[in-house]
Amino acid sequence: MTLLQSDQLEALRKEIRQFAQKELAPFEQDVETNNQIPEHILTKMRKKGYFGLTIPKEYGGMGMGKTAFCTVEEELARTHFAFMDIISLNNGLGSRSIVLDGNEEQKKKYLPRLASGEWISSFALTEPNAGSDAASITTMAEKKGDVYLLNGMKHFITNAPIADVFIVIAVTDPEKGPKGGISAFIVEKDFPGISIGNVHQSMGMQGSHKSELIFKNTPVPAQNLIGTEGRGLTVALKTVDEGRMGVAATSVGMATRLLDMAVEYASSEKFNGKPLARYQSFEWLLADMATELYAARTMLYKTAEKMDRKEDAQLEVAMCKLYGSEMVGRVVEKAMEIFGKDGCLFENVVERILRDARILRIFEGTAEIHRIIIGRKLLTGQRPS
Ligand SMILES: Cc1cc2nc3c(=O)[nH]c(=O)nc-3n(C[C@H](O)[C@H](O)[C@H](O)COP(=O)(O)OP(=O)(O)OC[C@H]3O[C@@H](n4cnc5c(N)ncnc54)[C@H](O)[C@@H]3O)c2cc1C
């Protein structure tokens, strides 16, 4: 399933869209109001195998490649962000470092549980004084015999309040700092000394839970170190591209929904007896929305195909994340313009996406940081291809 023919991809898109429309869409407002995905939906997604789409088949997953998984993320994001987010984590940031750098024992122990959705995962890097500058984390992992003692606090960690297992990035050698002094660990929620601190209530992305994660002398068995000691930032950075492509796919999914809604509204709502769509100013809004969406979708799938060919695509991934997340911001603004007062209503999806979409420019690396990444790569001679 790594490389799919276009007809197989279309069949996959159709299947996910049907599931999303039939099973997820009716519960969107429920998620928004109760800030939670109903358990019966999680059960259905588990049965469909959605939690393990990218996890290799030998560990209970479906071994899906990037193009196929972006298709899934795009379709899920056309409903409510939370449905996409929970699937994205077990398939991306929450499992990828084990898939790429874990040893056989770790893969056998953790991947089947993540693939089945029995366990929910979480990726913990950010700290109160280390966001964009990930290298300045201070959470310590001190080796004591056959365990590492974890001390410190992470914050804004998606899934932390509901996760069974965390990928934690911590300092193992403060002298070496980012150059060999940071390591990655698999940490189970039941290890002693772990607690959930403040649960962050944010302006958007209801149903996706973020909180502080506190470690107080938490013993992590040495065999839970991912890869070798000191390579934690490399392990983490290898996996962030997964999350960045997820943001780009989400942006495309949200913008597709907005365009469909805007076309329908502009065709049916009347002003002075004529549908809004018959006024040139509305046609222009729709034209700009569709053109930007087309550009973002084309970039997304071209880059995903490059990743599937195992070629270096970090420059293009950064461009997809930056352009996609800013594109959906502009698209939702135009949708608001078309919907007028109706767009401000809490029950209107445009209002919800306006809040959700803004956050896409912050996490997985802010827009400013992405401009720095792209600029630096250009100055070393790289160009998108
Ligand atoms: C909803 C949500 C979910 C999240 N989930 C997770 C998660 O699961 N796991 C996790 O580890 N983290 C998570 N995060 C944290 C996220 O990754 C960080 O918010 C992000 O990396 C930015 O860090 P910061 O917010 O601390 O901003 P800061 O780094 O403090 O930056 C503040 C501002 O300064 C700008 N800035 C910073 N450095 C520069 C520079 N050198 N040049 C120009 N401008 C600069 C930034 O772009 C930003 O605008 C989440 C955040 C949110 C909002």
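View 1. The shell around the ligand takes at least three residues from each of domain 2 (121-233) and domain 3 (234-379), the domain bounds coming from an automatic or database domain assignment. The model is predicted, with local features requiring pLDDT of at least 70 and side-chain atom pairs counted only at pLDDT 80 or more, whereas totals for chains, interfaces and linings use all residues. Residues are numbered from 1 along each chain as its sequence is written, and side-chain values use heavy atoms, with hydrogens and water left out.

**View 2. Residues around the ligand.** Among the 17 residues around the ligand, those that come nearest are Thr126, Ser132, Phe156, Thr366 and Glu368, a residue being near if one of its heavy atoms lies within 4 Å of the molecule.

View 3. An oxygen atom of the ligand lies 2.6 Å from an N or O atom in the side chain of Glu368, and a nitrogen atom of the ligand lies 2.8 Å from an N or O atom in the side chain of Thr158. At the backbone, a polar atom of Leu125 is 2.9 Å from an oxygen atom of the ligand. The ligand taken alone exposes 980 Å², of which the protein buries 63%, the areas coming from the Shrake-Rupley method with a 1.4 Å probe.

Note on methods: Polar contact = N/O pair within 3.5 Å; in protein donor to acceptor, adjacent residues only side chain to side chain.
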